[in-house]
Structure formats: structure tokens, C-alpha cells
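Keep the structure in view while reading.

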Amino acid sequence: MNADERFAGGDQMPDVDDLPHVDLRDPDSTARILSGLTTHGITIFQGGIDRDDVLYAARSLIRIREHRDSDSDGVTTIAQRLASEDGKTSLAGFTDRELLPHTEGSAVCRPPRVLMLACLRPAQTGGRSHLVDGRDLYDEIARAEPAILAALSTPRSAYFGGGSGHLGAVFQQTTEGRIAVRLRLDELARFAPMVALYIDRLRALVQQQIIPVDLVLQPGIVIMAR
């Protein structure tokens, strides 16, 4: 579910058990979700019985952004589907295929700031999401790999998407003084030679930062997506 931002925040992401947990049935659930986003950049929620419950919670938090692949209510449905005949990676996010860690909407000029993901019908197998704290990733690269940080922060050094994608950088400072992260590591990402030199190392650093969240046990998450 894509959304426009209403708030900012994000602290270091600890283990899943230490993250903020909220029951949507609690009267103060909206305030507690916002608090979790401010302090940790993520809130895990439960208590969403069906699609209407999740939509109600989402609309109390964010302004839902409809897009090309969403349903009419703005929800993007992820389901088990046959692989497309042309093998388009751009459509893989709406299937049960495994994806490499990525930021949402990397190919658009203004990616969503907040992402809400809910599991209403658990898969028989799988169903695990891999999360990476962008702040932790940035801090680790800045600490241990300053040459990589300089390359990844170079303007116009990365192109994300197809013919109408976005030319930018993996790390970019915003007018608000934040560091925005834009990343995908599949065939729809192309990098300037100065960045391509470090992509294998970047992949390894991303893998080191992964925190698995099982959506069978943790039915929903709200995260700061960039």
C-alpha cells in the first residue's frame, strides 16, 4: 500500500521482538503506530481482520496514493500468480516470487514515504519479508566504506526502471536535511562505472543488515519506506 508522508522519523532498527507492536483494536492504536514510526521507523500491527479493517487503519494514518498497479481503493494485492510470459521484473512484486531487497517506487520521481503491508491470508509456505534499516546501512557504509559512500552519493550515478525511470543516486540528501535511499539490485537498475565497481560489496552489506519478519506471526507492518 503506497502512501504520501505525514511524518518523519526513524531510529536504529533492533530485533523484531524489540520493535513497537500495536493491536489495531486498541483505541489509541493510531497514536501508537505514529510513535513507533517516529522512534523506530517501523510499527508491527495485528488485529486487522479483513481488507476493510486494514483500509480503515491506513486512512487514519496516511493519504493512500493510487498508482498504475493498485486496485481502485489504492491497495496493491500480492498473490500467487504464474510468471509473466515476458518475465518482467517490474511485475514480480505483485506475485509470490522472492525479491531482492529494494526501496518502494525506485523508478518514480517521488517514491512513497510510508509503506503499509498486511497479510490477510497466510501462505502455506514462505511469507517472510526481509527488512533493511536504511539508516543502519548508510551508517555502516559511512563508517567502514567511505569510498563506496562517495560513489553511491554521486548525483546522476544510478538509473532505476525502464524507459521512463529515474536518474539519481542511491543516497541523496533532501531539502529537509534527511538522507533518502533509493535502491534496487535487479536488472532494472543500471549504475555508472564508479558505482558498478562496488555493487557486489553493496549487495553483501545489504544482506548483513536484513531483519526477517514472518507475516504469519506478525500480520502487518508500517514502515518509513525511504
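The model, which is predicted, holds 2 aromatic pairs, where rings of Phe, Tyr and Trp (its six-membered ring) pair if their centres lie within 6.5 Å, and planes under 30 degrees apart count as stacked, over 60 as edge-to-face and the rest as tilted. One of them is formed by Y138 and F171, with 5.0 Å from centre to centre and 90° between the planes, an edge-to-face arrangement. These two residues are 33 apart and link distant parts of the chain: Y138 belongs to helix α3 (residues 134–144) and F171 to strand β9 (residues 171–173). Helices (H or I, at least four residues) and strands (E, at least two) are DSSP runs, numbered from the N terminus. Y138 is partly exposed because its relative accessibility is 21%, whereas F171, at 3%, is buried. Buried means under 20% relative accessible area, exposed over 50%, and partly exposed in between (1.4 Å probe, protein chains only).

F160 and F191 also form an edge-to-face pair, with 6.2 Å between centres and 85° between planes. Distant parts of the chain are again linked, as F160 in strand β7 (residues 158–160) and F191 in strand β11 (residues 189–191) are 31 residues apart. Both F160 and F191 are buried.

The predictor's confidence in each residue is given as pLDDT, from 0 to 100. Its mean over the chain is 84, and 85% of the residues reach 70 or more. Over residues 1–13 pLDDT stays under 50. Where pLDDT is low, the predicted coordinates should not be read in detail.

Residues are numbered from 1 along each chain as its sequence is written. In this predicted model local features need pLDDT of at least 70, side-chain atom pairs count only at pLDDT 80 or more, and totals for chains, interfaces and linings use all residues, while side-chain values use heavy atoms, leaving out hydrogens and water.

Note on methods:
Contact = heavy atoms within 4.5 Å.
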